[in-house]
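Subject: Structure for your review

Dear colleague,

Please find the structure below, together with its sequence.

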Amino acid sequence: MSIASSSHATVRAVLGSLFHTPEYGSFELLERALVELDDAGFIERVTLPGDAGYDERVAAARAADELDPGSLLELTDGRYGLPGFVDLHVHAPQWPQAGVALDEPLDVWLDQRTFPLEARFSDPFFAHGVSLDLAETFLSRGTTTALYFGSAHLEGSWELARACTEAGQRAVVGKVVMDDPAANHDFYRDASPEQALADTEEFLGRVAGLDRELRAGDPRFAGVYAAVTPRFIPSCTDEVLSGLGKMAAEHGAYIQSHCNEGEWEHGVAPERYGVSDARALADFGLLGPRSVMAHCTYMDEADTELFRETGTAVAHCPISNAYFANSACPVRRMREHGVKIGLGTDVSGGFSPSLYDNIRQAVMASRMLEDGVDALVPIERRGAGRPSRISVAEALYLATKGGAEALSLPVGSFEVGRAFDMQVVDVRRPYADLTGFDVFTEPGDVLARILYLATPDNIRQVWVQGRQVIDRG
């Protein structure tokens with residue numbers, strides 16, 4: 001496997017069969033489509049067999065490739081393009097902890113594992129090495145855009161932003177704020193509300209400057225953005241929560257945090273403010289069209305309507321929820337209310353760096369929510385009492401265009417005007433053959449086998465805004 005540099009391969013056209021979900025609830029197969037890109041790696045034309053001029057445009061793309069080898073990528077039989085995934089919730093400093101101690105109670109998992117590990121991000125060299133490996137691993141699993149929690153350290157979070165640009169991944173990165181001395185360990189917290197706000201302000205400026213610099217030198221740079229990032233209400237003082245809300249409004253910045261994740265967090269805001277977690281975040285100015293809140297499994301109808309009114313998005317983390325949320329996110333109910341939703345791995349509360357695993361778990365969790373799981377409870381009272389299940393195509397939408405909607409980024413599908421982010425899946429790999437013996441060959445069956453059975457080895461190439469960042473050959 002090779003990781004691309006800024007001089008790595010770029011394409012101007014792609015010819016092949018591509019799956020995507022331009023509308024929620026269904027998928028589309030663009031069979032033998034010719035996708036043409038502009039100089040910045042955005043899709044400017046999609047031509048299908050039978051469209052006027054298809055044969056001529058394919059011939060022209062092949063002729064151009066003879067003059068400029070590599071400008072046309074042709075996907076051979078057995079290889080399909082899927083949009084790059086958008087991961088809405090990752091704790092970058094927890095990457096060395098992935099898969100570790102998930103059987104421990106949450107307080108033990110955090111106090112004995114997570115916080116001591118995150119504290120090591122005070123070392124910029126350590127932070128950069130972990131972050132670069134994480135970004136490259138996520139790219140190799142098809143994730144081309146990610147929303148990252150950094151640590152409580154300015155320099156460590158800065159190294160995370162830099163590492164994502166080196167790997168070629170589009171990223172939104174936040175310096176975590178956790179300033180309350182009564183709620184955080186002395187060895188790992190912001191020194192004061194004033195320092196937390198000053199560091200966040202500096203981080204926003206640094207990342208904006210890095211983004212401007214790289215865009216000016218490279219039209220295909222995918223982008224790096226900063227997010228205002230209070231860890232969650234229980235770890236922050238009122239002063240810092242209010243200050244972060246005002247700062248985000250002044251800068252037009254992204255905002256990310258946790259909301260209503262588990263039984264414990266669900267109870268903090270009502271005890272402290274007399275309102276729900278969601279309402280408290282809104283009162284501090286932390287909900288809005290550039291806000292992404294992780295988990296949200298305990299939101300009632302009023303909270304859900306508040307998210308719709310403010311345009312706040314939900315990062316659904318189904319694997320993590322199975323360990324620490326004590327509940328399942330009601331995806332279908334939220335979608336029916338008009339709330340934006342995408343998927344997140346929540347590394348390392350979720351053990352897997354792959355959104356394929358979370359697509360699968362999202363479907364399973366929705367069925368468990370609808371049907372219930374305790375066989376000793378009568379069936380009429382066992383489930384959620386309303387339709388809750390989602391399909392695998394709906395879960396793919398959450399992992400791609402749903403995440404794009406949450407971040408207001410033009411990615412997530414193969415539509416004109418969107419950045420060309422693509423993962424190439426080979427269904428004919430040794431020991432990972434997804435052809436199904438050519439028995440069930442309808443497009444929906446092909447896509448379902450990919451989503452349920454694909455391994456990292458099936459993902460042969462990954463492209464971000466028309467530039468190749470992963471090549472397994």
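A residue is called exposed when its relative accessible area is over 50%, buried when it is under 20%, and partly exposed in between. Phe437 has a relative accessible area of 79% and is therefore exposed. Please bear in mind that this is a predicted model.

Backbone features

Phe437 lies in the loop between β17 (432-433) and α15. Its phi is near 55 degrees, a positive value in a residue other than glycine. Asn260 also has a positive phi without being glycine, the value here being near 50 degrees. Asn260 sits in the loop between β11 (254-259) and α7. With a relative accessibility of 0%, under the 20% limit, Asn260 counts as buried.

A cis peptide bond runs from Val347 to Ser348, with omega near 10 degrees. Ser348 belongs to the loop between β14 and α12.

Two glycines in helices may also be of interest. Gly129 is part of helix α3 (residues 124-140), and its relative accessibility of 41% makes it partly exposed. Its C-alpha atom is separated by 26 Å from that of Gly466, 337 residues apart from it along the chain. Gly403 belongs to helix α14 (residues 392-407) and, at 0% relative accessibility, counts as buried. Between the C-alpha atoms of Gly403 and Ala167, which are 236 residues apart along the chain, the separation is 20 Å.

The sheet

Eight strands form an open sheet with parallel pairing, in the order β7-β8-β9-β10-β11-β12-β13-β14. At its edges are β7 (85-91) and β14 (340-343), each of which pairs on one side only. On average, neighbouring strands of this sheet are turned by 25 degrees against each other, direction ignored.

Two of the pairings can be given in detail. Strand β8 (residues 143-149) runs parallel to strand β9 (residues 170-177), and 5 bridges join them; Phe149 has Gly174 in β9 as its bridge partner. Strand β12 (residues 291-295) likewise runs parallel to β13, with 3 bridges between them, and the bridge partner of Val292 in β13 is Ala313.

In a regular strand, side chains alternate between the two faces of the sheet. Strand β13 (residues 313-316) is covered on both faces, with Ala313 and Ala315 buried on one side and Val314 and His316 buried on the other.

Nonpolar side chains tend to be buried together in soluble globular proteins. The largest nonpolar core here has 93 residues, of which Tyr148, Phe307, Tyr356, Ile359 and Ile450 touch the most other members. The element that gives the most to this core is α3, with 7 residues. Another core lies apart from it and has 16 residues, including Ala227, Ala315, Ala404 and Leu407.

Pockets and cavity

By class, the lining of the largest pocket consists of 10 nonpolar, 10 polar and 7 charged residues.

The second largest pocket holds about 380 Å³ of space. It is lined by 22 residues, and Gly78, Tyr80, Val427, Arg428 and Val446 are the closest to its centre. At least two lining residues are supplied by each of β2 (13-20), β3 (28-37), β6 (79-83) and α15 (443-453). The classes in the lining of the second largest pocket are 9 nonpolar, 6 polar and 7 charged residues.

In the whole structure, the search finds 1 cavity of 30 Å³ or more. About 40 Å³ of space lies in this largest cavity. Its lining is made up of His316, Ala328, Cys329, Val331, Ala362, Ala365, Ser366 and Ile390. Helix α12 (residues 355-371) contributes the largest share of that lining, 3 residues. By class, 6 of the lining residues are nonpolar and 2 are polar, with no charged residues.

With kind regards

Methods
Residues are numbered from 1 along each chain as its sequence is written. This is a predicted model: local features need pLDDT of at least 70, side-chain atom pairs count only at pLDDT 80 or more; totals for chains, interfaces and linings use all residues. Side-chain values use heavy atoms; hydrogens and water are left out. Helices (H or I, at least four residues) and strands (E, at least two) are DSSP runs, numbered from the N terminus. Buried means under 20% relative accessible area, exposed over 50%, partly exposed in between (1.4 Å probe, protein chains only). A nonpolar core is a set of buried Ala, Val, Leu, Ile, Met, Phe, Trp, Tyr and Cys residues joined through side-chain atoms within 4.5 Å. Ala, Val, Leu, Ile, Met, Phe, Trp, Tyr, Cys and Pro count as nonpolar, Asp, Glu, Lys and Arg as charged, and the others, Gly among them, as polar. On a 1 Å grid over the protein atoms alone, a cavity is a set of points where a 1.4 Å probe fits but cannot get out, and a pocket is an open set with protein on both sides within 12 Å along at least five of seven lines; lining residues have an atom within 4 Å of a point. Grid points are joined across faces, edges and corners, and a volume is the space filled by probe spheres set on the points. Two strands pair if DSSP finds at least two bridges between them. Axes are lines fitted to C-alpha atoms, for helices over the stretch in contact, and angles run from 0 to 180 degrees between N-to-C directions.
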